[in-house]
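Here's a quick briefing to read alongside the model. Have the sequence and the 3D view open as you go through the points.

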Amino acid sequence: MNPRWAKALESALGKERVAVDPASRLLYARDMMSGGLLEEKARHEPHLPQAVCRPASVSHIRGILAVARRHGVPVVPFGAGSGVSGGTNPVRGGIMLDLKSFTRLGPIEERGGRFYVTAESGILGQHLERDLNARGFTLGHFPSSILCATVGGYLACRSAGQLSSKYGKIEDMTDAVEVVLASGEVVPFGGRLKKFPGLRPEDVFIGSEGCLGVFTRARFRVFPLPPATLYRGLSFRRVEDALTAVRQIMQSGLRPAVVRLYDPVDSLLLKHGYKKKNRSRSRSKTGGRADWHYPLLLSRPSLVQKLVERASSEALLILGFEGDAELAREMERQALRHAATLRAKDLGPEPGQHWHDHRYSVSFKMPRLFANGCYVDTIETATTWDNLQALYDGMREALMRRVLVLAHFSHAYPEGCSIYFTVVGKCRGPEEDLKTYGEIWHDAMEVCLGLGATISHHHGIGLLKAKFLPRELGGAMPLFRDIKKGLDPWNILNPGKMGLGS
Amino acid sequence: MKEHEQATALCSFCPKLCRYSCPVADADRNEAVTPWGKMTAMKRVEDKELPMTPETMGLAYKCLNCRASEFACEHANPVSPALDAYRVRAFKADMAPAAVAPFCEKFRRHNNPYGRDLLPVLQRRFPPAQFAGADAHTVYFPGCVEIATDIATTEKTLRLLDLPLYPEPIQCCGYPLFAAGDWQDFSELAEVNRHALNRYDRIVTGAPQCLYTMETLYRSAGHRVRARFQHVSEYLTSPGAPSLTRRGLGEVAYHDPCYLGRYRKTYEEPRRLIERVSGKPPIEFLLNREEGYCCGGGGLLPVSYPETADAITKTRVAQFRETGAELLVTSCPTCVERFRKFGVEAKSLVDYLVDADETKRKSLRRR
Ligand SMILES: Cc1cc2nc3c(=O)[nH]c(=O)nc-3n(C[C@H](O)[C@H](O)[C@H](O)COP(=O)(O)OP(=O)(O)OC[C@H]3O[C@@H](n4cnc5c(N)ncnc54)[C@H](O)[C@@H]3O)c2cc1C
Ligand code: SF4
């Protein structure tokens, strides 16, 4: 049955921009959180939105929010649904606010020798980068989800790309944002928040996961395409040595664009890839064909893990340097010098080139694993250098009993580094899998919180980590709640997320 | 599990990694019409989690058959063949989009989408000697779109290729019936056409969609055609093809038709021919070859969802304007028709080649 407020929505933005049919509602019910896919396998009924809206202007958004306020209906901002934390799951029903009609891209502007572009929030990352490249520029933001995430989603989740060590995370590239508040008020582009004049809107809203406001556009700093890119692969005998090398490199003032250190299991998979030289560069015609070896390999994950780790403790480091050719070469030379002190073996440019050519391929593994009786998830955390090894060891110990654990250290900074754990398990039965999945996340979050590491470096909090956020924020959580209350006293924007209660 | 069920299952677990390549998703800006959305909806129908309604089954028709997603997908998951299978189900259950059934009704009357017989159109334009006789080995098959919307190209093709015309009463390959999900009528038409086509050794056509239909889809309907098929661009670059004279012409951009490009991997031949007459390679669209963007004319989309089809054509037209070229050249009559509808000066490849050739001859004569 159509909700009683559907007519009001239709008059606010036109019938063709409001969908209430069963297929639309179901297709907006879940994002890409692995737990959601497991629920899907278990045939648990998802929370459904009552309507899906596709506004094409700020006044459309204001119209929708007015209906929502009047009728007390939740509104969930929606980019492309690639989030992996359940951020868009409409746990209280309501209206999905699909922002993909916001697709305008402005000209490149120069200010004080720096370049900027204004992009609307519904543009897909890949389209943005493609169009910038055509003009000779890059945003420098390459998340593995670039093919399937929007600019608004980047901002809402504090996204990080593969070249973050040079370009920073999305918040580092953002110069100004335009946000529509639950009240319908528009925070002016590059302006200030009336209610909290001391706070920069960029600091308040970036990372707020649709709970505080709706992004409609943002101005980003962009960079001329680099004239040169150099890649290097290095092999270390132990993860610890490699981490020391990365730390030295980052703290010496060098700014590699790519820093990816793979632990032994992950290294093995990466090496397996680049040694297969003659394979086609990307596509292999496998379609939906079944793969029997995945579940077989994963039936005893701890055994596989031990066998692999006994065979090799090698850690592979991929470094990439961009920019002026001479400068890139010099940075590479200096980085190699640091690595040499830790007895790294220089593998030349090939592993790095291979990584670059296949840098989004790993995302394609997700559907195959799920379709073949397995599940996979990623847990991304970060901490300071002095805590990093303990975090790596602690997480592995907590997770390895149940699933195969791969890890890589990416997003390295002078202060610390993020660790990206990939966990892969074999499905044993829908309910059992959901139970195991819950335990994995519980244990992982406990390790992070226990060691003072962050529970999310770039995937956001959403639903998945909502109950853990108050512990991470501690004394700052009441402040976060006050900001939410001040900006959205009706609690209509994405309720049930980020530990902000219902 | 059937192949299309495996395909929908794979997509349903995917973070929509090919969505950026799908022109329909681009036009409608809606999760439901991304390749993931369409395939997941079909899977949910299969699993009885979604009711089979015209609205849901309509999603199977929100596809251009352009195969862009298949090329973006590292598993090359066959999205459009899977959706085609669901079209057949929808059509049988009378759940195709509203315009589809009347369209098929109209098609059946004259065995083409134009509401009139097309052989007489050819007969009025060309003398009997230009039609293939019993001894012809190679014939030119113009296809219904070219006859109905661009017969000047048929004329130029005959002149350039010096081939006789396909002389049969049915001048349509039946692709529209296939794309409508009307498998039974498509199959019957394929059978009739197969007998006619088998009188020849080689069929040359300027319509890549017809080529794929007759060569591949007929076979999947159990009506394999023995004859060899060639696109005009392939014919003109094969040994013994007529020569073309060279003359520097204005800037042209070349648009890759999906059925010639992604379906057949014929990317270079048309470009070589353009370069041969103009002395320089065509200007490239930002999205070209494997990444080429559909003109909006495939998959019967202009019939089932004309607004979406029009939005897609407009996007491609905007991409053409960005090339800065004066003229758009392509190798498919459907594409030519779509571009002309939106005010672009578009020419079929042969039209362009012949004009270039004749301009050259005229200028030589004047000298
Ligand atoms: C295969 C894969 C790889 C990934 N790799 C990376 C990676 O390398 N780096 C990374 O950072 N992330 C990664 N992610 C996570 C995810 O893609 C990002 O979080 C992304 O930023 C989400 O964008 P989206 O447009 O899909 O947002 P959605 O999933 O639609 O939404 C995510 C959250 O943002 C909110 N939101 C969306 N748009 C707006 C808006 N305009 N205004 C206000 N709130 C909004 C939603 O309410 C929700 O809370 C990956 C995900 C997948 C599936
Ligand atoms: S076709 Fe491939 S990339 Fe696209 S949704 Fe399906 S599995 Fe994903």
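Let's start with a helix in chain A: in α3(A), the residues S34(A), G35(A), G36(A), L37(A), L38(A) and E40(A) are buried, where buried means under 20% relative accessible area, exposed means over 50% and partly exposed is in between (1.4 Å probe, protein chains only). Keep in mind that this is a predicted model, where local features need pLDDT of at least 70, side-chain atom pairs count only at pLDDT 80 or more, and totals for chains, interfaces and linings use all residues. Residues are numbered from 1 along each chain as its sequence is written, chains are lettered from A and ligands numbered from 1 in the order in which they are written, and side-chain values use heavy atoms, with hydrogens and water left out.

**Helix α3 of chain A**
- This helix covers residues 34-41 and is mostly covered, with 6 of its 8 residues buried; helices (H or I, at least four residues) and strands (E, at least two) are DSSP runs, numbered from the N terminus.
- Its buried residues pack against α16 (361-371), β15 (374-384) and α18 of chain A, together with α1 and α3 of chain B.
- After α3(A) comes R43(A), with a positive phi near 60 degrees.

**Nonpolar cores**
- The largest nonpolar core has 242 residues, and F205(A) and I379(A) have the most contacts inside it; such a core is a set of buried Ala, Val, Leu, Ile, Met, Phe, Trp, Tyr and Cys residues joined through side-chain atoms within 4.5 Å.
- Helix α18 (residues 430-451) of chain A gives this core its largest share, 9 residues.
- A second, separate core has 22 residues, including L9(A), I61(A), V75(A) and V180(A).
- Leaving aside neighbours within four places in sequence, I379(A) is in contact with residues including M395(A), F421(A), W441(A) and M445(A); contact means heavy atoms within 4.5 Å.

**Helix α6 of chain B**
- Why does the length of this helix agree with expectation? At 1.5 Å a residue, its 14 residues (79-92) should span 20 Å, and the end C-alpha atoms of α6(B) are 20 Å apart; the expected span is 1.5 Å times one less than the number of residues.
- Among the buried residues of α6(B) are V79(B), L83(B), D84(B), R87(B) and F91(B).
- Their cover includes α1 (3-12), α3 (35-46) and α7 (100-110) of chain B.
- D94(B) follows α6(B) and has a positive phi, near 60 degrees.

**Ligand 2**
- Ligand 2 lies between chains A and B.
- Around ligand 2 are F364(A), C11(B), C14(B), L17(B), C18(B), C73(B), N77(B) and V79(B), each with a heavy atom within 4 Å of it.

**Strands**
- In chain A, β3 (residues 75-78) has both faces covered: V75(A) and P77(A) on one side and V76(A) and F78(A) on the other are all buried.
- β3(A) runs parallel to β4 (residues 95-98) of chain A, joined by 4 bridges; two strands pair if DSSP finds at least two bridges between them.
- Over in chain B, β4(B) and β6 (residues 327-330) pair in the parallel sense over 4 bridges, and H255(B) has T330(B) as its bridge partner in β6(B).
- L328(B) is found in strand β6 of chain B, and L328(B) counts as buried because its relative accessibility is 0%.
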